[in-house]
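The following paragraphs guide the reader through selected features of a protein model. Please keep the sequence and the structure in view while reading.

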Amino acid sequence: MGNIFGRETETSPPPRELPPILAATRQRLYYGSDLPYKDTFQNRGVPRIQHPRPCVFYPRGACLWGTTCQFSHEGAVNTFSTQNSRKPCRFFMRGHCRRGEACNFSHEEPSVQESTEAIKDDDCAESWVRELGGTWVKFGDGAAIMDVSLPSDFSAIQIRNLPTSASANSVRALLSDVGIPVSISDIRYTRPKDMPNGFATVKVKDPTFAKTACSRLQTCIEPPGLIVNSIHVPIPSGFQFGQVDNRQVRCSWHRPTRASSLYFSNKKFASRSFYKFIDGEYKINSMKATVQSPVAEHPGQQNGRWKIDLVGLSASITEDDIASAFPSFEKPCLITIGDLSYDMDIEMDSTLVKSMLYEKGELEKWNVSDSSTAKRIKAHATFMEECHAQVAASSLDGTELPFNHTGKLFVQLITSVKFKVSARVYDAVKKTIDSHKSNWNRQFIRYSALPERGFNRILKIEGQDRQLVAQAKRALEKIITGTVLTMDGKNIWYSNLKISKNAYKKLQKIERDLEVVIIHDIRASNFRAFGPEDRLAQAAEALQQLINELKAGDPAIKTAVSSVKRQQLDTDCPICFDEAEGPLETSCGHIYCSLCFFNMCQAEASTSSDFSISCMGNSGTCGKIIQISELQTLILSETFENILEASFASFIRSRPAEFRYCPTPDCDQVYRVSSSGKLPSTFTCARCFTPTCTACHDSHLGISCAKHKGDSSEDIEELIKAKEDLGAKDCPKCTTALQKAEGCNHMTCLACGTHICWVCMATFTEGSDCYRHMGQFHGSFV
């Protein structure tokens, strides 16, 4: 232990050396010369342990403490850092790596070879997804379409009150137990720090998923207290078209009011006061009052008192409030106040209004706002289906209130649009957006910017007039999508800018000087600028000058140019059979005129077969499908996007039974046609807001397709409603209609032999598995 009493120390034998495993587990006494407390043993011969045990995380590159770590980093090789130190840091290249010297990646200027490899890596990571016609289109080699997805193809739920031990895997297992298989990538589990339980958002490419999952999970007894709700599909990141919601209605009804009779000594005083109320000179509690024409107190009287009635007054009005509106020489000789128009019970009244809406369709949300100073009670409802909201607004607006026979319910359909933009872009375009707000207010369009979440802002516009909302949406859309920077009619583009640190620093200086934001859009191979319109031309000139400087000093470009000059292009173009002009060489070794190659790609859209660009070399016998990454490098970016649009148009045109365009002239939005035998949905165009039935392709809100056509013999809506009234359900496997007459909830389909849980419609191959499921998740068999 050492000599702590100041006596002469004795010679002690050397310490016994411990095995390495035990030595590594021994805790150190001190970890350096700087202690967090006063060293009371200083200069007393107490030995310090100078070499603490090694950090087990540092060799794996996972130590978060850096130089402040209390364990030793000496002698340990950081294999993770060593492997990645040769790789350039992509954040440092852009001039904003927050880790600084602690970053495991290289902060040195990359070489030309590393830059080229980085470009290739980014190209491989390209998903080749484009936003066209309100859809997400995934392209493959030959510019062929691999998949088309619409917002209506997805549905989502939110599961709340999950246990503390929950995870994405447990949510997946929970859905699997009720017969709903989902991928782990469809689940997003979150547990906020200030909440005891977590919640999960599940988005699946199946429009019926939300309804099925809600009905099945709400019957589960494990885990207890589970809350499941259908939600609007979250806005995907990276796409510009807004999230349109036409499922909301705004309800309002008048609060209880009182009427007051004001008596005057003669007709002259009564008429004078009447006109002053009409002109707004007389006000009750600073608010204009509704007044009725003067009448005699007793019909047929020659002389006597006259009265005027004030209606719609506040329930808390008093005689003094009314008398204070008059000067002393014109006060009425008598003021009487009537009873309330009805007895208000806000909870009961709102429940009755909610039940009126429920008769039109199931609600997702219901919120009531009651302000004692407002003349009306307001409520906001969100339906599960858009068509139900439209029917509620058209049939319930102006109807009599069940608790006030003299009052009316007002219901207006609300159209809202949400946009997700980055915080940088929002700050750049905020002034431009603010310049439109006064015009939107005059049109009763409400605009709001929700608080920043992460690096994004949610912008929302809503209103009652669909056409005005559509105009506001187009204006906001134009602002937040930015302007493609061009020079001499061509898009400005330079791919190497994304891996050059110095280039990004210069680009940031351009942004600061001109107060704009320039986005390097790798997908579309262009630069988009956001900010004041009068500075975009200056931004384009400054960006082009920067690119010219970079190209002049880029050795990769110089090498490419010199190699082209050395190349002997003695091969004729396989399209025009002349010497290639502006030659392009494909990976299979065939050379085209640049114009001929573009025309060949465009001509593919006119063929009867599926769009797929292949090489026409060797007199048309080559036939190699050109990779989409190669297409992008061979032609200009704007030309490449035109080819993708032509491929999409060809795809939609050749599949009229699956996709249709919005019937509004010059509208390019696409919707999916409803399958036969299923309840058709209403497509509301995200651009012009025109409602269209996805089955008969006409607009007929509130009635079925058969009734719209005047034929009820093939009314699929009536058939589905009849099955619901009879309690019949379709077999999840073969869709055979089933009806339970009696017995337990274990059903067997006679058509396909599937064992079914009647509560949640989960399917099983064995009856014993069905009984085990019902006991575990539903608590009983009946």
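Which residues form one aromatic cluster? The cluster consists of F264, F277, Y282 and F326. The model is a predicted one, in which local features need pLDDT of at least 70, side-chain atom pairs count only at pLDDT 80 or more, and totals for chains, interfaces and linings use all residues. Residues are numbered from 1 along each chain as its sequence is written, and side-chain values use heavy atoms, with hydrogens and water left out.

A pair of aromatic rings is described by the distance of the centres and the angle of the planes. Rings of Phe, Tyr and Trp (its six-membered ring) pair if their centres lie within 6.5 Å; planes under 30 degrees apart count as stacked, over 60 as edge-to-face and the rest as tilted. The whole structure contains 13 aromatic pairs. In one of them, the ring centres of Y342 and F403 are 5.6 Å apart and the planes stand at 45°, so this pair is tilted. Y342 lies in the loop between β13 (334-337) and α9 (346-358), and F403 in the loop between β16 (399-401) and β17 (404-422), so the pair ties together parts that are 61 residues apart in sequence. Helices (H or I, at least four residues) and strands (E, at least two) are DSSP runs, numbered from the N terminus. Y342 is buried at 6% relative accessible area, and F403 is buried at 15%; buried means under 20% relative accessible area, exposed over 50%, and partly exposed in between (1.4 Å probe, protein chains only).

Another pair is formed by Y671 and F683, whose ring centres are 4.9 Å apart with planes at 25°, so the pair is stacked. Y671 belongs to strand β28 (residues 670-672) and F683 to strand β29 (residues 682-684), 12 residues apart. Both Y671 and F683 are buried.

Charged side chains also meet rings. A charge sits over a ring if NZ of Lys or CZ of Arg is within 6 Å of the ring centre and within 35 degrees of the ring normal. K203 lies over the face of F154, at 5.4 Å from the ring centre, and R376 lies over the face of F410, at 4.3 Å.

E462 is part of strand β19 (residues 456-463) and counts as buried because its relative accessibility is 6%. Its contacts (heavy atoms within 4.5 Å) include Q248, R250, F444 and V469. Y771, in helix α22 (residues 767-778), counts as partly exposed because its relative accessibility is 34%.

Notes. Lists of a residue's contacts leave out its neighbours within four places in sequence.
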